[in-house]
Amino acid sequence: AVVSTQSTGAQEEPTKLVLLKAERDILINDMVREKAKEEVKYCFNQFAEMSKCQQEEGLIGGLWKCEQQNRDFKLCMQWAFYNSELRDECKEIYVQRKREAVQKNKEQQLENEIRLKVIGDWMKNNL
């Protein structure tokens, strides 16, 4: 679980960002796969070779004629999937996005509360 604290005056208020099982097992894993395919330091070259071969050989022919490129890509993806550096990087990106979404949601709730108060005050004074 990822936990941070925010200072609110003299009191420390915990802001918990706990990763759910679905986030760990699905969302972060998806990020790992996408990042591994996109970045040269991981599996981009193997992905590009496999894609090129499949485009040249066609969908059906590529299944047999691109077997080595497919195998290389799968091996690279298996390595990348368990690469702790990549996994930690994706987890940090996800946690940061989640923090930003939580903060944005809090800001939106505050704006809505202010709007409701202004409307309520206006209705008291004008009706």
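Figure 1. Buried here means under 20% relative accessible area. This is a predicted model, and in it lysine 35 has a relative accessibility of 16%, so this lysine counts as buried. Lysine 35 lies in helix H1. Leaving aside residues up to four places away in sequence, lysine 35 touches Tyr42, Leu86, Glu89, Cys90 and Ile93.

**Figure 2. Helix H1 crossing helix H4.** Let's zoom out from the lysine to the helix pair around it. Two packed helices are described by the angle between their axes and the distance between the axes. For H1 (residues 21-38) and H4 (residues 84-126), the axes come within 9 Å and cross at roughly 115 degrees. That crossing is right-handed. On the H1 side, the contact is made by Glu23, Leu27, Ile28, Asn29, Met31, Val32, Lys35 and Ala36. Facing them from H4 are Leu86, Arg87, Glu89, Cys90, Lys91, Ile93, Tyr94, Arg97 and Lys98. Sorted by class, the residues of this contact come out as nine nonpolar, one polar and seven charged.

**Figure 3. Helix H1 again, this time with helix H3.** Here the partner is H3 (residues 67-81), whose axis comes within 10 Å of the H1 axis, with the two crossing at roughly 130 degrees. H1 and H3 are therefore oblique to each other, and H1 passes H3 in a right-handed crossing. H1 brings Asn29, Val32, Arg33, Ala36 and Lys37 to the contact, while H3 brings Phe73, Met77, Ala80 and Phe81. The class tally for H1 with H3 is six nonpolar, one polar and two charged residues. Asn29, Val32 and Ala36 are listed in this contact, and they are also among the H1 residues that meet H4.

**Figure 4. The disulfide of cysteine 43 and cysteine 76.** The structure holds two disulfides, and this view takes in the one between cysteine 43 and cysteine 76, with sulfur atoms 2.0 Å apart. The torsion about the S-S bond is -95 degrees, and the link is left-handed. Cysteine 43 sits in the loop between H1 and helix H2 (44-65), and cysteine 76 sits in H3, so the pair ties together parts that are 33 residues apart in sequence. Cysteine 43 and cysteine 76 are both buried.

**Figure 5. The disulfide of cysteine 53 and cysteine 66.** Now for the other bridge. Cysteine 53 and cysteine 66 are linked with their sulfur atoms 2.0 Å apart. The S-S torsion for this pair is about -90 degrees, so the disulfide is left-handed. Cysteine 53 is in helix H2 and cysteine 66 is in the loop between H2 and H3, so the pair ties together parts that are 13 residues apart in sequence. Cysteine 53 is buried, at a relative accessible area of 8%, and cysteine 66 is buried as well, at 0%.

**Figure 6. Both disulfides in one view.** A disulfide is a covalent bond between the sulfur atoms of two cysteines. Counting the bonded cysteines along the chain, the pattern reads 1-4, 2-3.

How values were computed: Residues numbered from 1 in each chain as written. Predicted model: local features only at pLDDT ≥ 70, side-chain atom pairs only at ≥ 80, totals over all residues. Heavy atoms only, no water. Axes fitted to C-alpha atoms, helices over the stretch in contact; angles between N-to-C directions. Helix = DSSP H or I, 4+ residues; strand = E, 2+ residues; numbered from the N terminus. Left-handed = near helix turned anticlockwise from the far one by under 90°. Contact = heavy atoms within 4.5 Å. Nonpolar A, V, L, I, M, F, W, Y, C, P; charged D, E, K, R; others polar. Parallel < 35°, antiparallel > 145°, perpendicular 65-115°, else oblique. Disulfide = S-S within 2.5 Å. Buried < 20%, exposed > 50% of the residue type's maximum accessible area, 1.4 Å probe, protein only.
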